[in-house]
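Please look over the sequence and the model shown below before reading on.

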Amino acid sequence: MRRILRISRLCQCPRACRVHFRKVADIPEGVLIGFGNPLLDITKIVKDNTILEVYGLAENAAIISKEKHIPLFEELSKMKDVTYSAGGACQNSIRIFQWIVTKPFCAYFVGAVGQDKFGETIAKRAKDDGVRTFYQPNDKAPTGTCAVIVNGFNRSLVANLGASHFFSENWLDDEVHMCIVNRAKYFYTTGFFVAVSSATILKVAEISSRNNRTFVLNFSAVFVLQTLKTQLDEILPYTDMIIGNKEEILAFADTHDWKTTDIFEIGKRLQCLPKHNQRPRIVMVTDSKCPILCFQENGKTKEYPVPKVDESVIVDTNGCGDAFVGGFLSQLVQNMPLEYCIRTGIFASQQVLRIVGIQIDLLPKFKESCL
């Protein structure tokens, strides 16, 4: 029998808000480090799937660009009403984290950029958003870009990793870099970055586990599960939290031949996988409409409903998942209850969908809002 605890609603919580404001000043600089692929997002809202058909793209998927997709970026840049923003899934989450905590540089971001104006632009925008970057510059390729094609509730992402593809684990050889890693209490990365430098993430995850820190992994996309099974299996024993949507969770089960499509069974098995330290793992399965599922120790499962959003206010769903993680992490580092972390994540995601991309300057000040 499934043990499921349902959280009936996302209620008003003034006391929790007061706790949040009281604790923000105590968050140390660099408490969280995100490892990801910094990309310049090029976002275009379309009314039909013509451009998707031309380049053989699915209307709701995320892929790494191939040679046939290269002209897409130039084509989008020549269109009207295109939005540019500092992006990449992990960097987006870190920027949302900073929007909520408000205190600058509580989070650091690590990734590779080219030695070009786009790299400088992304670094400046990240700093403006309160994020301190420790980019690894290289001259092998230009700064990465991501084409974001939005049609209604669907979004197709095509990432040209560019310089971010050449991130090297040598970054950890730098004394300053190891200093910030050793000082951080929380680490977050995406499956997209595992595809680039799994060796770096394995080392960071080992450090985190050995020193009883918290390591959070986002599966990110189905192709990650399908192509990086070996690398993920090496990292998971050091992972304290796993985040994935239903499609990604199902893909993990499929690549491990679990022969089931039962999300509850898969979530419980993921939670029970071998782990090197004693902290119980949490597996979180997200969904834009169905309740968020959290699988915890002793077979405990909790459901957190996602409030319905009026479709008339939805502008762009791209980045909602990134925003959810950023909101969630902003409370996790403050040792807030899991329910409050999730509620903050939902709040952040439902603010972001009202604008194109993740533009922090267009979001309301978090301190002026209550969940």
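What percentage of the 371 residues in the chain do buried residues make up? The model is a predicted one, and in it buried residues account for 57% of the 371 residues.

**Overall form**

The chain contains 13 helices and 15 strands. Its radius of gyration is 19 Å, close to the 21 Å that the globule rule gives for 371 residues, so the chain is as compact as a globular protein of that length. Along the principal axes, the C-alpha atoms fill a box of roughly 55 × 50 × 50 Å. The accessible surface comes to about 16,500 Å², and carbon and sulfur atoms contribute 51% of that area.

Leu 39 belongs to strand β3, which covers residues 39-45. Its relative accessibility is 6%, so Leu 39 counts as buried, the limit being under 20%. Although 106 residues separate Leu 39 from Thr 145 in sequence, their C-alpha atoms are 4.7 Å apart.

Val 150 is part of strand β8, residues 144-151. With a relative accessibility of 0%, Val 150 is also buried. The C-alpha atoms of Val 150 and Glu 59 are 8.3 Å apart, while the two residues are 91 residues apart in sequence. Leaving aside residues up to four places away in sequence, Val 150 touches Thr 43, Lys 44, Ile 45, Val 46, Arg 155, Val 315 and Asp 316.

Helix α7 spans residues 191-210 and has 20 residues. The C-alpha atoms at its ends are only 22 Å apart, whereas a straight helix would reach 28 Å at 1.5 Å a residue. A kink of about 110 degrees is present in α7, with its centre on Ser 197.

Just after α7 comes Asn 212, which has a positive phi of about 60 degrees. This asparagine is in the loop that leads from α7 to β11 (214-218). Asn 298 likewise has a positive phi of about 60 degrees without being a glycine. The loop holding Asn 298 runs between β14 (292-295) and β15 (300-304). At a relative accessible area of 66%, Asn 298 is exposed.

**Cysteines**

How many disulfides does a search of the whole structure find? The search finds zero. Cys 90, for example, is in no disulfide, and the nearest cysteine sulfur, in Cys 146, is 14 Å away.

| Residue | Relative accessible area | Class |
|---|---|---|
| Cys 90 | 1% | buried |
| Cys 179 | 42% | partly exposed |
| Leu 39 | 6% | buried |
| Val 150 | 0% | buried |
| Asn 298 | 66% | exposed |

Methods: Residues are numbered from 1 along each chain as its sequence is written. This is a predicted model: local features need pLDDT of at least 70, side-chain atom pairs count only at pLDDT 80 or more; totals for chains, interfaces and linings use all residues. Side-chain values use heavy atoms; hydrogens and water are left out. Helices (H or I, at least four residues) and strands (E, at least two) are DSSP runs, numbered from the N terminus. The expected span of a helix is 1.5 Å times one less than its number of residues. The bend at a residue is the angle between axes fitted to the seven residues ending there and the seven starting there. A disulfide is a pair of cysteine sulfur atoms within 2.5 Å. Buried means under 20% relative accessible area, exposed over 50%, partly exposed in between (1.4 Å probe, protein chains only). Contact means heavy atoms within 4.5 Å. The radius of gyration is taken over C-alpha atoms; the globule rule is 2.2 Å times the number of residues to the power 0.38. Accessible areas come from the Shrake-Rupley method with a 1.4 Å probe; for residues, only the protein chains shown count as cover.
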